[in-house]
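The sequence and the model come first.

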Amino acid sequence: MRGRPLLHTSYASEMALFNTPAKRAWFGALLAVAVALPFLLTDDILQLLALCCVAAIGAIGLGLVTGYAGQVSLGHAFFLAIGAYAAAAISGDPDGRVIGFGVTNMLVWLPAAGLGAAAAGVLVAPLATRLRGLYLAIVTLGLVFIGQHIASEWSSLTGGVGVGRPAATLSVFGYQLAATGAFATRDQKLFWLMLALLLVFALAARNLARSKVGRAFTAIRDRDIAAGVIGVNLARYKTIAFAVSSFYAGCAGALLYTVSGYFDPSSFSLLLSVQYIAMVLIGGAGTVSGAIAGAFFITLLPRLTREVQAWVPFISTQPNEVPNVFQVETILYGVLIIVFLIFEPRGLFGLWVRARNYWKAWPFSY
């Protein structure tokens, strides 16, 4: 309307995904830059960015159950493992040394991996209706150790500790999505594929968050007793939260090691769950954009710490020497979580909101 910028005249326009011209312009610009990146960056950087996109899918899933629904989960690595092994088994060679069914179509094994993890999430969900806070966190933490024990013992599926198995095959109806072609390299195609999947999962999560289900999640997070009093079915919506979060984790786990092509049971340790918690908390709990920002930040952090050695010579790059860059990475996860929780609980998304509000009000200070 003329003279009344950003005036919403309907509930639908206010709740739209991109409800301002600035949001639409920024999204279009970021998407254009992302699509053009493969022509500007080297293949090793593109491979790392593809990994960031996959990690962001898993972080969005954890953000739904922890950031939106307020259910603390430390067992994300368990659901990632279910997705990874389900996809690898479905796509694997039937005549190989590990279990495989030879269905290499990505349109089959990706949803199947997500649904398998979602089924496990539904089985865990009844605990969420009876436990909360620290007690729920401890229970979900136990899932990681249960998963590691099963993976180390079930060598016919996992390949065994230190040996592992190939990841799922990225193909659709026989066409190899991650193979070097005439117009694009393997890593360029891999990045575009993971970026497209991230957009699909992110838009689905954002739509879920602004639906009736998302509002129920927020009510449970803010005060579950009050939510139950006003008619929110706590058992149903907590189950939905764990199922959707586990589905995202299963899909992320299925895609996570297609970049490197190989994984073993030690890949799904407690550290992996801590990394995903760090992604949500550092990026900004309760926001899809924050989960994506946190995933990119945490995934790129090891690459940045590798550069520390050039500036601080006494930090070694060898894992058997002390101190080394791997120890610096582990310490940084904890330090960054503490710093953000104390000084900026809304994470990187909160920093962006502060900067945006400052420029909106400039040159006024109020």
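Accessible areas are calculated by the Shrake-Rupley method with a 1.4 Å probe. On that basis the chain of this predicted model exposes about 18500 Å², and carbon and sulfur atoms supply 69% of that area.

**Overall form**

The chain contains 16 helices and 4 strands. Its C-alpha trace spans about 70 × 50 × 50 Å along the principal axes. A compact globule of 366 residues would have a radius of gyration near 21 Å, so the chain's value of 21 Å agrees with that expectation. Buried residues make up 45% of the 366 residues. Among contacts with a separation of 6 or more, 72% are between residues 24 or more positions apart.

The charged side chains comprise 24 positive and 14 negative ones. The centres of these two sets lie 19 Å apart.

In soluble globular proteins, nonpolar side chains tend to be buried together. Here the largest nonpolar core has 92 residues, and those touching the most other members are M106, W109, L170, M194, L255, F268 and Y276. Helix 3 (residues 43-68) gives the most to this core, with 14 residues.

Not counting residues up to four places away in sequence, Y276 touches A55, G58, A59, L62, H76, L80 and L256.

L198 lies in helix 8 (residues 186-209). Its relative accessible area is 6%, and because buried means under 20%, L198 counts as buried. Neighbours within four places in sequence left aside, L198 is in contact with C53, A56, I57, I60, I292 and F296.

K212 is found in helix 9 (residues 212-222). With 58% relative accessibility, K212 is classed as exposed, because the cut-off for that class is over 50%.

For each of these two residues, the table gives one pair with its separation in sequence and its C-alpha to C-alpha distance.

| Pair | Apart in sequence | C-alpha to C-alpha |
|---|---|---|
| L198 and V54 | 144 residues | 7.0 Å |
| K212 and W109 | 103 residues | 30 Å |

K212 and W109, at 103 residues apart in sequence, are 30 Å apart in space. W109 is one of the core residues that touch the most other members, whereas K212 is exposed.

Technical notes. Residues numbered from 1 in each chain as written. Predicted model: local features only at pLDDT ≥ 70, side-chain atom pairs only at ≥ 80, totals over all residues. Heavy atoms only, no water. Core = buried A, V, L, I, M, F, W, Y, C linked by side-chain atoms within 4.5 Å. Buried < 20%, exposed > 50% of the residue type's maximum accessible area, 1.4 Å probe, protein only. Helix = DSSP H or I, 4+ residues; strand = E, 2+ residues; numbered from the N terminus. Contact = heavy atoms within 4.5 Å. Rg over C-alpha atoms; globule rule 2.2 N^0.38 Å. Lys, Arg positive; Asp, Glu negative; His and termini not counted. Charge placed at Lys NZ, Arg CZ, Asp CG, Glu CD.
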